[in-house]
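Dear colleague,

I am passing on to you the structure that we discussed for your course work. Please open it beside this message and keep it in view while you read the notes.

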Amino acid sequence: MRLRDEDRATYTAALDDVIGSTEIQRRLARSGVKASQLRVLGLAEGPRVASTAEREYRSYLALRQRAHGEASLVPSLSGPGRQQVYGAGLLPVLAVLTPVLAISAAALFLLLGYGLRLADSAPAVAGNLVQAGWISLGIGAPAAVVGVLGLYRTASRHRGGVPKDRRDQGLTAELDAARAAWLRQLHEGIRSLLLQHLDRSPPPDAGGNGPGGVGAGNDEAAVHSPRFTSPRYTRPDFGSPEASGPDIPTLRG
């Protein structure tokens, strides 16, 4: 079983935690195996170790996808399902647009109406524009107050991100529990793998070439073996009767 790319870092961190544990460090000191060798072994055997926690990992993935799916709902004005719950809705939009349009229309009507009055042109039209401007202003001011209160309420509800109900909070707790269960099983699988490797590794003094091993000092053992005899060297015995020197001729006169 292969882990997803975003979970491989979690596996590496779990491997380092197990290697740094007191139990593994004590076994490393007795076996003579290096921690780097265990790390290479753990990384190489990652898929096999991950398969020991396959059931917990699949449960964790299902809950994670479910949580990410609910959190990815984007606020919108309309849409099916829960998007309408988190969306702005029609009333908040009207509460924002109504005062803006009403106040803008009031300003335009009042400006035109009073402009015509100052110019003494079309007094009837000027009166209607001024009246319409004050009516629009009367509508826009309360709508602005309602809009501000609505925005404040919406902001307080959405403070800290997407609001979570009790079901969302329960899903988060369930997701944390599933991740913890997967990590526990993953640690146990890594621990079993490393201990099996350390059990198969011979101690430092059991090898044939290490210090103190069987193969160390073979030359010295052969020299001091009882079967080893050094060659004997003897000097010639010139004092023996059989020994005779060189013949010297006799001079006769």
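Predicted model: local features only at pLDDT ≥ 70, side-chain atom pairs only at ≥ 80, totals over all residues.

The whole protein

The secondary structure consists of ten helices and zero strands. Read from the N terminus, the order of elements is therefore α-α-α-α-α-α-α-α-α-α. The protein has 253 residues, of which 23% count as buried. Its accessible surface comes to about 18,100 Å², and 60% of that area belongs to carbon and sulfur atoms. As for contacts between residues at least 6 apart in sequence, 69% of them join residues at least 24 apart.

The nonpolar core

The largest nonpolar core contains 29 residues, and the members that touch the most others are Ile-24, Leu-38, Trp-182, Leu-186, Ile-190 and Leu-194. Five elements may be traced here as giving two or more residues to this core: helix 1 (5–19), helix 2, helix 4 (46–51), helix 5 (54–71) and helix 9 (166–200). Helix 9 gives the most, with eleven residues.

Which residues is Ile-190 in contact with, leaving aside its neighbours within four places in sequence? They are Tyr-11, Ala-14, Leu-15, Val-18 and Val-49.

The surface patch

Helix 7 (residues 90–118) gives the most to the patch, with three residues. Leu-151, by contrast, is found in helix 8 (residues 123–157).

A buried serine

Please look finally at Ser-31, which lies in helix 2 (residues 22–31). Is Ser-31 buried or exposed? Ser-31 is buried, because its relative accessible area is 11% and the cut-off for a buried residue is under 20%. The side chain of Ser-31 reaches the backbone nitrogen of Val-33 at 3.3 Å.

With kind regards

Key:
Residues numbered from 1 in each chain as written. Heavy atoms only, no water. Helix = DSSP H or I, 4+ residues; strand = E, 2+ residues; numbered from the N terminus. Buried < 20%, exposed > 50% of the residue type's maximum accessible area, 1.4 Å probe, protein only. Polar contact = N/O pair within 3.5 Å; in protein donor to acceptor, adjacent residues only side chain to side chain. Core = buried A, V, L, I, M, F, W, Y, C linked by side-chain atoms within 4.5 Å. Contact = heavy atoms within 4.5 Å. Areas by Shrake-Rupley, 256 points an atom, 1.4 Å probe, with all protein chains shown as cover.
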